[in-house]
Amino acid sequence: RSLLKSDLRGDEIIVVSNREPYIHERTAEGQIKINRPASGLVTAVEPVMRACSGIWIAHGSGSADRDTVDKLDQVAVPPEDPSYQLKRVWLSEEEEAGYYFGFANEGLWPLCHIAHVRPVFRASDWEHYRAVNQRFADAVVSAARTEDPVVLVQDYHFALVPRMVREKLPRATIITFWHIPWPNSESFSICPWRSEIVDGLLGSTILGFHTPYHCKHFTETVDHLLEANIEQEHSTITYGGHQTLVKNYPISIAWPEGAMPPVEACRQELRERIGVGASHLIAIGVDRFDYTKGLIERVSAVAVMLERHPDMIGRFSLVQVAAPTRSSLEEYRTFHERMDKLVQDVNARFGQPGYQPVHLFATHHDAVTLQRYYRAADACMVTSLHDGMNLVCKEFIAARDDERGVLLLSRFAGAADELPDALIINPYSIEDTADALHEALTMSEAEQRDRMRSLRSTVQHNNVYLWAADMLVDAARTRLRERIEARI
Ligand code: ADQ
């Protein structure tokens, strides 16, 4: 963390993301309640901003009460120890429908995740996406106090912002991080505005992805679409006289500091919540309620495991915590219904009086509760059909200072590259996932310890500060080089 601070000394930092790191809501009693959203991006970037200060520009989406939040256009956060400014950009319902729900989440999200949901591209959504990107770029330009701020652009909501900012602030250092996968160039080419998106991203000084594989796909996409000069050796792309470094920076979490609650108390509390005894085995799942996370496959694997190992009936449950997300989209509502139905069927088939094999809590939980659940579980199931990185697996590992508990991790999550000592599964094979779940629940303590020790040393070292510091060190090098070249 200190490395991060020294890299940034004197530089102006501006973050742009769709999601706001804090949501201000008015309660029935008229108080302002502050919540943290369920978001991998916020989990990763917020600790970096706490360490660096600066300004974070976001869409005031969660802060629903306009009367309340109009007074909170710009607020100092975090509430308990303010260290940076949160500036909100307000979008109309129409803008939000076109830019966020439409182009970003019905178009780009399924386009970039191979989860077999067909992307929807509407010209009107694209128009809103472009216009909203321009509004955010303008917000960056008007927030900038210097000619060469360091601008951190987050995610697929803002593919056009880097080019738009570059036009107004040619000397800015723009670091763009794409938090989701990048598909192969052929898949990407179905997007009617493919060239505009790639051109927008190449306004960046640095363009980061989670894995070398995503970088390779992006570079191949550029090669197919634009007349650019690609230097594989240096991982750079020069286009229109401007150079972009395309590199992988695996994102992570802040390693927890301080004492954790006793494991025994956590185990007891979760077992009481689902009405079972102390020796009951539990696997935990924590996700946004999203079709890419492999929730249907997870519950199906639980059913197959119980079918193959009837001795586990009455002794094992999956506790699935799923935060509602993008619920106004049809695809998400249908998915929610399918999941509810499957959970009901599996519970009807294997349940007994006082016993349910699957508990689905479809609500947001605070970080402290999630940590207690991770500590209470015998296994954690991450079965994403495709995931840029996945932070839940890293949170589970970080919570297990008792070196117990087994992680099942999809090979299609970026995290699988870094964490080979998890039980790596293919979520599309329900049978293999079921077998891996049984292996996890019957694994010896010694093997659990060895695996968890190895996972913990990786996540502790590759923490979110390293993620940010790596990018910022690369940015600092580029800034130096540009200053030297400007003098020649
Ligand atoms: P997400 O798709 O949101 O992130 P993930 O990385 O797993 O996925 O992060 C989810 C975050 O939300 C975690 O911090 C988790 O604890 C929290 N969360 C999930 N369910 C919750 C619940 N019910 N209540 C409260 N909190 C909950 C995107 C990409 C990922 C990438 C991240 C960061 O899709 O692949 O890892 O960005 O780059």
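**Sheet, ligand shell and helix contacts**

Analyst: An open sheet holds 6 strands in the order E15-E14-E13-E16-E17-E18, with parallel pairing. Strands pair if DSSP finds at least two bridges between them. Helices (H or I, at least four residues) and strands (E, at least two) are DSSP runs, numbered from the N terminus. This is a predicted model: local features need pLDDT of at least 70, side-chain atom pairs count only at pLDDT 80 or more, and totals for chains, interfaces and linings use all residues. Residues are numbered from 1 along each chain as its sequence is written.

User: Which are the edge strands?
Analyst: Strand E15 (358–361) and strand E18 (423–425), each pairing on one side only. Neighbouring strands of this sheet are turned by 20° against each other on average, direction ignored. Axes are lines fitted to C-alpha atoms, for helices over the stretch in contact, and angles run from 0 to 180 degrees between N-to-C directions.

User: How many bridges join E13 to E16?
Analyst: There are 2, and E13 runs parallel to strand E16 (residues 379–382). Ala283 stands opposite Ala379 in E16.

User: Which strands does H16 lie across?
Analyst: Helix H16 (residues 430–441) lies across E13, E14, E16, strand E17 (406–410) and E18. H16 runs at about 165° to E18.

User: Switching to the ligand. Which residues are closest?
Analyst: Ala38, Gly40, Ala323, Gly388 and Met389, out of 25 residues that surround the ligand. A residue counts as near if its C-beta atom, placed from the backbone, lies within 6 Å of the molecule. Helix H2 (40–52), strand E13 (281–288), strand E14 (316–323) and H14 each give two or more residues to the shell. The largest share, 4 residues, comes from H2.

User: What's the shell like by class?
Analyst: It has 13 nonpolar, 8 polar and 4 charged residues. Ala, Val, Leu, Ile, Met, Phe, Trp, Tyr, Cys and Pro count as nonpolar, Asp, Glu, Lys and Arg as charged, and the others, Gly among them, as polar.

User: And H14, at what angle does H13 pack with it?
Analyst: Helix H13 (residues 367–376) and helix H14 (residues 392–399) pack at about 70°, with their axes 9 Å apart. H13 and H14 are therefore roughly perpendicular, a label for angles of 65 to 115 degrees.

User: Which residues meet there?
Analyst: Leu370, Gln371, Tyr374 and Arg375 in H13 meet Glu395, Phe396 and Ala399 in H14. Contact needs C-beta atoms, placed from the backbone, within 7 Å. The residues of this contact divide into 4 nonpolar, 1 polar and 2 charged.

Note on methods: Parallel < 35°, antiparallel > 145°, perpendicular 65-115°, else oblique. Contact = placed C-beta atoms within 7 Å.
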